[in-house]
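Subject: Structure handover

Hello,

Here is the structure you are taking over. Please open it alongside this email and follow the notes below.

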Amino acid sequence: MRYRLAALASLAVFAIWLPYGVGSYTIHVLDVGLVFALLAVGMGLAMGVAGQINLAQVAFFGAGAYVTAILTTKSGYGFWTAGAIAVAVSAVLGLLVGIPALRMQSHYLGIVTLGLALAFLNWITNAEVAGGADGISAIPVPPLFGVDLSSDYLYYYLELAAFAVALAFGLFVVHTSLGRRLRAMRDDALAASAVGAQIPLLRMTAFLVAGSYAGIAGVLYAGLIRFVAPETFSLANMFLLLAMVIIGGRQSLVGCVVGAIGLTLIREKLVDFATYAQLSYGIVVVLMVVFAPTGLAGVPARLRSIVDRRRRGGGAAAPELAAFQPLAPSTVDLPADRPALEARGVSKRFRGLKALDGVSLAVRAGDIHGIVGPNGSGKTTLFNVVSGFYRPSAGAVLISGQPAGRAGPYQRSLSGVARTFQNLRLFRTLTVRENILVALDRTRTRWIWRYPLWPVSVVRAERDLGRRAAELLDTFGLAGFAAALPGSLPYGTQRRIELARAMAGAPRLLLLDEPAAGLNGEEARQLARMVRSIRDSGVTVVLIEHNMGLVMSLCDRVTVLASGAVIADGTPAEVAAAPAVIEAYLGDAELSEEMAP
Amino acid sequence: MQVTLQTLVGGLSLGAIYALVALGFSLVYRTMGLVNFAHADVVMTGAYVASTFSLTARLPFALATAVAIAVTGLIGLVIERVLRPLENKDFDLMLIGTIGFGIVLQSVAILIWGTTGRAVPSPVQTAPLSVGGIRIRTYDLVVMAVAAVAVVLLMLFLQRTKRGTAMQAVAMDHEAATAVGIHVGRSNAAAFAIGAGLAALAGALVGPLLFVSPTMGGSLGIKGFAAAILGGFGSIPGAIVGGLAIGVLDSFAAGHFQGYSEMVVFLVFTAIIMVRPTGIFGERTVSRA
Amino acid sequence: MPNTRLPRATAMLAGAAALLTACSAPGTSGGGTASNTGPIKIAIVDAQSGQLSSLGDWERKGAQLAIDQWNAKGGINGRRIEFRVFDDQGDPTVGTNLARRIASEGYVAMIGTAESAVTVAMAPTLQQNRIPNITSGQSPALVAVKSPFLFLNGPTSTTYDETLVKYIVDTKGMKRIALISNNGSFGKGEKGAFTASLASRGITPVDSQVVTTDQKDFGAALSTIRQKKPDLIFIGAEEVEAGLIVKQARLLGIDVPFAGAAPLGTPVYVQTAGVANVEGSIVSSPYLSNESSQAARDFAAAYKKAYGEEAELHGAKAYDGANIILTALQSSGGATGQQLADAIRATRYRGLLGDFAYDATGVGIFATTIGIIRGGKLTAADGG
């Protein structure tokens with residue numbers, strides 16, 4: 001920690017003294033580099049942290065620069081007023097471009113954002129008010145208490161201050177709850193929504209932030225060059241920005257900065273060999289993508305892991321799964337009359353396939369309820385309907401007596417429904433602790449406004465979350481794995497992490513989808529103990545399982561599904577003897593009678 | 001009225017080019033699930049190679065085009081081989097890798113052929129047909145005919161030949177395809193090469209229509225990509241319909257909105273895609289869940 | 001333990017800031033002042049990449065030829081002339097950055113650019129740093145800048161187009177004229193000047209189409225023009241675009257001649273459109289061919305010897321422009337800044353394009369001639 005602080009302080013001193021040692025053209029290049037660094041940070045936040053492909057970043061940049069230029073030269077606004085309006089316009093533009101992100105991702109989003117960037121470029125090249133192909137010149141020097149900002153040296157300090165604040169804010173976001181939610185969304189949007197992340201709003205937020213950063217960069221650019229023309233905001237520069245972010249490491253904001261400033265300086269050095277320079281960027285991007293996807297910023301981490309692995313060979317002990325600490329039993333009596341979960345005639349069709357056919361069941365509060373059935377009988381589909389991922393084609397789902405209606409996974413998570421997934425869906429690039437922290441965070445999405453308006457409350461909330469995460473990790477015996485990435489851990493441990501994450505949301509209804517799959521006998525027994533303890537603490541548990549021994553010993557009641565319909569419902573013993581069940585599993589009731597002892 | 005029909009005809013011939021570009025995109029996506037942002041620059045490379053052989057080496061246009069297709073097919077193989085480790089893993093990274101390749105192709109083109117660009121004379125020197133006062137350039141008809149033939153050949157390949165069916169199998173389930181003995185890597189490489197060949201054909205054909213320059217891929221590629229998405233990414237008939245639609249939209253926008261035509265085209269495209277993200281024919285793609 | 005580090009770091013930062021406020025601002029001393037001895041540095045700025053790079057190439061060659069010839073004769077008062085080529089990529093913003101660079105690295109004068117938009121963008125910085133600039137641009141926007149450091153090495157669009165209209169309307173009696181121009185700086189200037197010249201004769205164009213600088217397909221615009229059945233079509237666009245317009249027009253069945261200013265006098269225009277298609281194009285240009293005078297023949301021979309290519313208008317303009325700067329440097333004894341600008345303004349130079357005599361607006365030459373393209377070559381028109 002003190003290492004970091006000393007390094008930071010010396011970096012700051014270096015940055016403050018830098019202008020004294022460089023020529024006037026070099027400082028100009030650095031000024032441009034800082035503008036691109038701001039752009040890169042905004043792009044990193046949208047693309048790297050939130051996983052939203054944003055190829056319109058130059059358009060937001062252009063909007064900031066052009067609005068400043070138009071308002072100062074044509075409407076006579078003061079520079080800072082125009083700048084403030086420009087940042088607002090860029091932010092709104094970011095929101096507008098983010099709307100397609102609600103309906104599509106990945107390559108669709110890429111082409112739509114690219115198309116909108118071209119549309120913007122086309123507009124500024126033609127519009128009279130934007131000066132057409134000639135651009136707008138003679139933008140006034142920004143006034144600052146008598147400091148002459150037409151000097152590139154002094155402008156550097158203005159940019160440095162803005163950049164430092166912007167980077168600090170960006171890092172603050174990434175390392176706290178909003179950043180974790182964005183990263184969770186990037187890793188697995190489905191699972192993220194199941195732990196309370198409101199995906200559509202988060203996507204819009206990513207674009208809003210990217211737009212704002214680009215707007216600030218645009219205002220600074222207009223004040224620096226005091227001339228704006230369409231070519232600066234072209235596709236070529238968009239791809240250059242993309243190269244900066246990829247080479248630096250899109251998931252690390254500091255990496256984006258390094259990539260931006262580094263590439264700006266290299267471009268200047270190679271200006272006589274511009275085409276060779278362009279060729280090398282292209283080659284480096286390809287090599288990075290294949291061999292070093294985390295970019296330059298990922299290099300220290302990879303070196304560290306290689307060193308660790310070598311050192312580990314010597315004798316440091318690997319962390320181990322500790323014992324599960326039973327949860328405190330619930331002292332509140334659960335309402336006996338109202339089922340925790342009820343399905344009334346739920347059907348789900350996918351085009352021609354009927355996955356669920358009039359399923360009706362009721363889960364008593366405080367029960368451990370099993371859902372069993374042959375493969376393809378619709379068990380996971382039922383879970384998806386209950387947790388809000390699918391909307392039923394017919395019928396209704398009631399949770400604690402309240403109709404769930406059209407609520408999505410996010411709302412159901414906040415009203416007390418949690419689940420695990422058949423194929424583990426942990427957040428790969430988040431540590432185990434961060435996985436838990438995301439789920440522990442029960443704040444509504446609108447609380448994002450705390451970040452710019454009242455960041456202190458975010459810090460306080462972080463401390464509180466951290467404490468609760470430590471407790472939860474201890475409870476589930478995962479304290480030794482807190483800093484590890486889930487992908488490198490044994491399967492059984494990963495299953496427990498997912499269970500812990502589901503419990504982090506303090507649910508009233510817990511859906512477990514094949515929690516014992518792949519577990520050996522001892523692990524299955526531990527699972528049973530945990531599930532019982534969870535139930536005793538007041539949570540209703542519904543689990544899908546194929547492990548019949550587990551189902552029989554653990555569940556209070558069992559529902560059997562086959563081909564999307566309920567064929568039996570009752571205690572485990574009743575259900576095991578029902579002929580319909582035997583037929584579904586073994587194929588022929590008569591045959592099974594012959595085989596019965 | 002005459003102007004409208006003339007604009008329509010102009011839009012159709014460019015639309016045929018967009019359709020060819022979209023076909024290349026869709027084929028690679030359909031069989032590999034890869035979105036190839038280098039496709040546009042492959043078109044440009046094809047245009048340059050074809051025009052070099054036809055202008056400098058004085059080869060007949062068809063032969064020059066064939067050479068161009070062979071050369072870019074090789075480029076396609078190289079790209080696939082380099083990006084193979086990313087296939088079926090990180091989609092976004094593959095996307096960015098192809099963007100990198102695009103930058104490389106553009107730089108190499110500038111180093112070899114310079115930055116100014118060149119005009120290519122039309123290989124068909126006969127006078128344009130005049131139908132009711134509307135001029136139809138003979139070359140436009142050639143372009144549309146060649147595009148149609150290419151589409152038919154492609155569909156026959158995919159549906160009637162063993163290699164083609166294997167490609168579709170890989171698209172549906174690459175693990176199962178491996179299980180039945182299909183070499184997924186080689187099948188993907190073949191798909192990429194064919195996609196690149198289609199791009200080269202588009203480039204060779206479009207040279208005489210427009211202008212061959214290192215940046216020509218930009219506009220063509222983006223509109224071709226938009227055409228593929230509009231028609232339904234992965235669908236062959238969708239690529240045709242999408243390409244013609246974008247071509248005609250582009251032509252009319254240029255007629256009515258003059259300078260603002262690009263903006264209009266992309267705003268309309270965004271609106272359509274928001275309403276129907278899977279495009280006209282719906283998306284047929286690899287199942288990656 | 002960590003608690004002691006934070007105060008220490010803050011103290012360091014505070015100390016640094018305090019020291020700073022005590023010092024003067026950085027960059028107040030130093031900067032690029034040109035010296036009075038040693039080589040004379042001239043910057044050549046042009047598009048070396050992109051669609052307009054052929055212009056940049058010709059300019060560089062013309063200027064370099066002049067500089068090499070002066071150096072062979074001993075330079076300026078014994079001082080060698082050095083030049084460096086900068087690529088503005090046709091991008092006005094890159095131009096402004098280059099202007100700062102030129103100012104900081106001690107260049108005394110600049111030759112370029114051939115694109116009016118970039119020149120206009122660079123003008124304020126060059127004016128602030130008092131660096132004279134001779135440009136090949138012809139847009140009236142250059143004159144509107146009103147910089148005492150900006151000079152043109154050719155006539156403006158107003159001159160080009162007035163001469164052209166005089167020939168087309170007064171001499172040839174054509175009445176139905178259509179325009180197609182691009183929305184770039186040059187195109188807008190051309191459109192404005194041509195329309196004004198027509199208006200002064202009471203003629204309105206039958207159609208005026210505007211295309212973008214990047215456009216490659218002109219079917220829509222040309223179809224509309226064809227409907228109006230003009231006698232002649234004026235093109236206000238750069239060489240490649242003009243060539244493409246003509247090529248596509250012929251394919252659409254438009255047979256009438258085309259007319260335009262300097263771009264139509266270049267080999268690139270002929271190559272792009274195709275020799276057969278440009279037959280009969282009417283060109284307004286102050287430098288019709290390399291045969292037009294003995295000086296032109298000498299220039300073309302030297303150009304061919306140095307570069308193995310045929311010289312053309314833009315090379316000739318840059319040659320004249322470079323010679324003017326070098327003449328002024330000689331006559332002023334290697335002066336810089338305002339003195340050099342005054343010397344340029346006072347220079348009377350007989351160039352390939354004609355007699356230069358700069359007025360207060362920075363324009364030095366006010367006449368062009370009319371040529372017609374025959375067999376791919378530009379020849380003087382009779383009656384022009």
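**Two domains in chain A**

In chain A, 22 residues of domain 1 are in contact with 30 residues of domain 2. Please keep in mind that this is a predicted model. The domain assignment places domain 1 of chain A at 25-232 and domain 2 of chain A at 341-595. The C-alpha centres of these two domains of chain A are 42 Å apart.

Which helices supply the side of domain 1 of chain A that touches domain 2 of chain A? At least two residues each come from helix H6 (152-175), helix H7 (177-187), helix H8 (189-194) and helix H9 (199-225) of chain A. H7(A) has the largest share of that side, with seven residues. Sorted by class, the side of domain 1 of chain A that touches domain 2 of chain A holds eleven nonpolar, six polar and five charged residues.

**Chain A against chain B**

The contact between these chains takes 33 residues from chain A and 37 residues from chain B. On the side of chain A that touches chain B, at least two residues each are supplied by helix H4 (79-103), helix H5 (106-126), helix H10 (235-248) and helix H12 (274-291) of chain A. H5(A) gives the most to this side, with 14 residues. The side of chain A that touches chain B divides into 23 nonpolar, nine polar and one charged residues.

**Two helix pairs in chain B**

The crossing of H2(B) past H8(B) is right-handed. On H2(B), the contact is made by B:His39, B:Val42, B:Val43, B:Met44, B:Thr45, B:Gly46, B:Ala47, B:Ala50 and B:Ser51. On H8(B), the residues in this contact include B:Ala196, B:Ala199, B:Ala200, B:Leu201 and B:Gly203. The contact of H2(B) with H8(B) has twelve nonpolar, six polar and no charged residues.

The other pair is H5 and H6 of chain B. The axes of helix H5 (residues 138-160) of chain B and helix H6 (residues 162-172) of chain B come within 5 Å, crossing at roughly 75°. That angle makes H5(B) roughly perpendicular to H6(B). B:Phe157, B:Leu158, B:Gln159 and B:Arg160 of H5(B) make the contact with B:Gly164, B:Met167 and B:Gln168 of H6(B). By class, the contact of H5(B) with H6(B) has three nonpolar, three polar and one charged.

**Two domains in chain C**

How is chain C divided by the domain assignment? Domain 1 of chain C is 40-155 + 293-353, and domain 2 of chain C is 158-285 + 370-380. Their C-alpha centres lie 28 Å apart. In the contact, 14 residues of domain 1 of chain C meet 17 residues of domain 2 of chain C.

On the side of domain 1 of chain C that touches domain 2 of chain C, helix H4 (116-128) and helix H5 (140-145) of chain C are the elements that give two or more residues. H4(C) provides the largest share of that side, three residues. The side of domain 1 of chain C that touches domain 2 of chain C is made up of seven nonpolar, five polar and two charged residues.

Regards

Methods:
Residues are numbered from 1 along each chain as its sequence is written. Chains are lettered from A and ligands numbered from 1 in the order in which they are written. This is a predicted model: local features need pLDDT of at least 70, side-chain atom pairs count only at pLDDT 80 or more; totals for chains, interfaces and linings use all residues. A crossing is left-handed if the near helix is turned anticlockwise from the far one by less than a right angle, and right-handed if clockwise. Helices (H or I, at least four residues) and strands (E, at least two) are DSSP runs, numbered from the N terminus. Two residues are in contact if their C-beta atoms, placed from the backbone, lie within 7 Å. Ala, Val, Leu, Ile, Met, Phe, Trp, Tyr, Cys and Pro count as nonpolar, Asp, Glu, Lys and Arg as charged, and the others, Gly among them, as polar. Domain bounds come from an automatic or database domain assignment. Axes are lines fitted to C-alpha atoms, for helices over the stretch in contact, and angles run from 0 to 180 degrees between N-to-C directions. Angles under 35 degrees count as roughly parallel, over 145 as roughly antiparallel, 65 to 115 as roughly perpendicular and the rest as oblique.
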